[in-house]
Structure formats: C-alpha cells, structure tokens
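Q: I would like to learn how to read nonpolar surfaces and cores in a model. Could you take me through one?

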Amino acid sequence: MQLTAADWLVMAAYGLVALGVGLYFARRAGQDTDEFFLAGRKLPWWLLGTSMVATTFSTDTPNLVTDMVRTGGVSQNWLWWAFLITGMCTVFFYARLWRRSGALTDMAFYELRYSGRPAAFLRGFRALYLGVFFNIMIMATVTLAAIKIGGVLLGVGKYEVVLLAGTVTVLYSATSGLWGVVVTDLLLFVVAMVGSVAAAYYALVQPEVGGLTGLMTHPQIQGKLSFLPDFGDWRTAAAVFIVPVAVQWWSTWYPGAEPGGGGYVAQRMLAARDEKEAMGATLWFNIAHYALRPWPWLLVGLASLLVYPTLDSIQAAFPHLDPSILRHDLAYPAMLVFLPHGLLGLVVASLAAAYMSTISTHLNWGASYVVDDFYRRFIAHGREERHYVRVGRATTVGLIILAGIVSLWLENALQAFQILLQIGAGTGLVFLLRWFWWRVNAWSEVAAMVVSFLVAVYFQFVHGALGLEPLVPSLQLVVGVAMTTVGWLTVTLLTPPAALETLRTFYRQIRPFGKGWRRVLELGPEDPGPPPGGVAAGFLGWFLGVATVYGALFGTGFLLYGNPLPGLACLGLAAVAGLGIFRVLPRVAL
C-alpha cells in the first residue's frame, strides 16, 4: 500500500511528539538512577496503570490474538485471559509489599529476603537472565510483529524495519528514562486505542463481512464465537481452558503477568507515590488490559476469516511478502489496507506507538537490572550517579541491537509466546510463596530457574531429535510445572533457610500476613504487630476483581453477538462486583 502525504504527516507529527517528550525529560532523568529508572517515586496510579497497559499493547499483541482466533476461535484467548487471576492476586496481596520494600528493582528483593552469597549470586544471575536473555526474547517477538506489519503495509524489508524502529525508539528511551517512558505511554495508549477501534470498524464494513450482523450470522464464523471451548474435545479443552485456569496462572512466569508481580509491573509499583497508589495502578492496569482492549482485536480476527479465509489468499493479496513469514498472524496487518488515507497514517502511527511503548519499557527495565543489580553491585560500586545513568543509556542501545538480531530468527508470535511460557513453567509458585513462607531460600529460586530452563530446552531441541512423539504445548507446560515444583521444593527442604536476622529484618520492613512466618516472629519488643489489612479482605477483593473484569469482557461480547439479555446480566454483575471493590479496598489498603 502506498501512503499519501496525509498519512506521512500524521505519522511524522506523532514521531515528533514522542521525541519531544524524550528530550524534555532528558535532564531530569540524567540526575540519578532513582530518577532514570523510577521517576523519583512520584508517579500517580492512573499514569502508572496506563503505562503498564500501553506496554502490554504491543505490535505482536493484535497479531497474536488474530492468530488465536483464526486457528482456534475466540475461546483460545483463555491462554492469556487466565492471567487475569494472577494480575488481581498481585493487586490485593503483593502491590503493597513491593512498594513497602523501597527497592530500586525487583532484583534487589533477593538481598532483602535471602542472605549470604546465594542471595548475591541470585540477584546478579537473575538480573542478567531476565534483563538480557529473557528481555531480548520479548523485544524480539515485538520486533517480529513490526517486521510483518512493515512488510504488509509498506512493503519494507525486515532489515529496514529493525533498523528504523529500533533507532527511533532507543533515541527517546535512552535519553528520558522512566519519566519519558510513562508520559509518552499515555499518548501512545490513546493513539493505539483509536487505531484499534478504527481497524475494527473498517474490517466490519468490508463487503465480504457485511457489518457486525453479517459477521455474527455468517456460517463460517459460528464455530469461532464461543467463549468456552468444546468440552467434548477433551484435548482442546484442556489446552485452551483447563490448564490455563487451573495451572498456568499461578505456575508460569510471563512478562506482565508474573505471579506476585515482577519485571516492569514491579518497577511501576516501586515508582508509585505510596502503597495505595501502587494498588490503584495495578488494578487499573488489569481492568484496562483484559476488559477494555480485547474486542477490537477479536473483531478484526473474526472478520479476517471472511476476507482472507486461507494463507494462500493472504499471499495472493500481498505477492511481495516473504513466504517464510507467512502465518495466520499476518491477517491482522493485512486487514489494515482497507483504511482510508489519513486514518491509515493514524493506524500505522498507532502500531508504531504500540511498538515503542513496549520496547521503551523493556529497554528501561532491562537496563535497570544490568546497571543496579549487576554492574553497580558487582563491578563498579560507589561511583557517582551520573556514571550509572551513562552506563544505563549504553546498555539500552546494546539491548535493542541484540533484540533486532534475534527477531530475524523467530517465525511467529504464538511460537515465541509458547517458548516463553515453557521457560517460565513451574517457577511461579516459588514467587508467590517466598513472601509468605519463611522456609523458601535462595536455592529454591535457583533450582526453579534451572529445572524450568532445562525442561524448556529439552522440549524445544531434544525431544523431537530423539524421535519421540511430540507433546502438545499444554502437556509440555504441565510436565514442566510438575518437574520444576518437585525440584525446587526438594531443594528447599534439603538446604538451610536464610539467616534468622535477615528473615526478621525482612518481616519488620515488609510485614507479610499469614501463618508462614510463625517460626521467626519472636521479635520481642520490636515486634511491629500484625500486618495491616486482612487476609479475608484480600481474598474478597481478589474474587471481586476477577468477577468485574470477566463480567465486563463477556458482557461486551454478548452484546456484540446480538444477545442482549446475557450481555446485560454480565455487565450488571461487573457493576455490582466493581462497587464491591471500592468497599473492600479501604480494608485492604490500611
């Protein structure tokens, strides 16, 4: 597709605003690492929550959702909808604890909670493991989606996309730090939402689709609309619904949905003004991420089945595409060619916004690990703050270069999604329990990391090479969770706990509730007393939060499907549960 002057004008205006924000905050961000990585811990809940939503709204997300809808129907989105349970658990049990820790990164947690050389090793190793290896995989997935969108819409080669997109993003993220990232994210989120709604509208008005009514009544679409899988097909139901809801949400570490919070979600909580703001940020993030955004993507995915029913039809419409990247996730950018000029420029800008918001966050987050948890801690302790900021900016550039190289190797977003799930399979439980069970130690986490990684490597490279029958991803996940959980629990019971004084200091500062600390609660006159906020209130808030979001998500879906009674019932449930949250929050956030 050829962009007109109007399209380029819209895109240029957006790019100039993003770069302007970066330059505006450059001086403030360069003062010290607290400003560069946490914006001085002065950010309000609405800005932090929106920043998290913008980060998860990346170029690969609509591609991934389209892939799921085309191959398995709407119900296959339970693969990521199930992570809402994790997110709401973080809101009501962990957000306050993270903010109370006062750490610069979530990696610093390890030397607050554990003791000795194992704690230091875990902090440094995991900083590089997540901040470099895992982080590069995530950014490569996002860049892969940008490559496909650039190929479909602009006919641009993958090397040109990697070079241009990476250069523009790194310019403002390396200069402005977290201040520029979160402020720009607010703009990016608005632009991206407008773009996704516009894409859905023009997908529905295509002659092959016939509007919303035509889409919902088309015979080819009927089998794709159910919110739940067909439980008559046990294998599919287990893979799509049972395993994600029963196992995946608590057992698997995935960026943006870490059990107990972590990564850039923890970074945003640590950057909040106080504990209440941290809770509000994560609550708004989960509502917007799971209830507000999915339906425009789902509608485009469903409409694409009528416009491009097969991969061959996509190839016929875009003969210049490299056949090696031809997958169902290409259907989303292929649907954007029907947008009128001017609006097309806005939508392309919205996709660029989605890319930049995610990449800039991951660059800043990954650099914080490398600088504070590895370089400052183990290599160059005691330097001036501006020195660490300069190292952070250099690390930012290095990370984007490595991510671009890896993106040229990946094939599709769903492939990367499953690889990341498998690598983190089974580690989630240790992240949940380490706050509330004193017996968890540094070796517990080392064991969880090592076993989960080895299992992922085995399934990815060894299992097939041995000539064994391939296992479906859901079964691989369950096997990985079982082996990892047994492994880290065994190591926990065979190794000594952290030093008693470290445990008591951690409890005094964090005050986690629960019975798991009774063995170390003999604190004498310095005992701070029971932690604020009740367990019952936390569980009630968790339940109401999940009910609110799922009620809004499925209520909206029923209305779009032309079923007003169940739609209004679900929305009514969401409203009642939402009111309940506001009554519970003061009891949790005491």
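Q: Is Phe-133 buried, partly exposed or exposed?

A: Buried means under 20% relative accessible area, exposed over 50%, and partly exposed lies in between (1.4 Å probe, protein chains only). Phe-133 is partly exposed, at 34%, and belongs to helix α9 (residues 116-153). Helices are DSSP runs of H or I with at least four residues, numbered from the N terminus. This is a predicted model, where local features need pLDDT of at least 70, side-chain atom pairs count only at pLDDT 80 or more, and totals for chains, interfaces and linings use all residues. Residues are numbered from 1 along each chain as its sequence is written, and side-chain values use heavy atoms, leaving out hydrogens and water.

Q: Which residues have the most contacts inside the largest nonpolar core?

A: A core is a set of buried Ala, Val, Leu, Ile, Met, Phe, Trp, Tyr and Cys residues joined through side-chain atoms within 4.5 Å. The largest one has 186 residues, with Trp-81 and Phe-92 having the most contacts inside it. Helix α10 (residues 158-204) gives the most to this core, 18 residues.

Q: How many disulfides are there?

A: A disulfide is a pair of cysteine sulfur atoms within 2.5 Å; the whole structure has zero.

Terms used:
Helix = DSSP H or I, 4+ residues; strand = E, 2+ residues; numbered from the N terminus.
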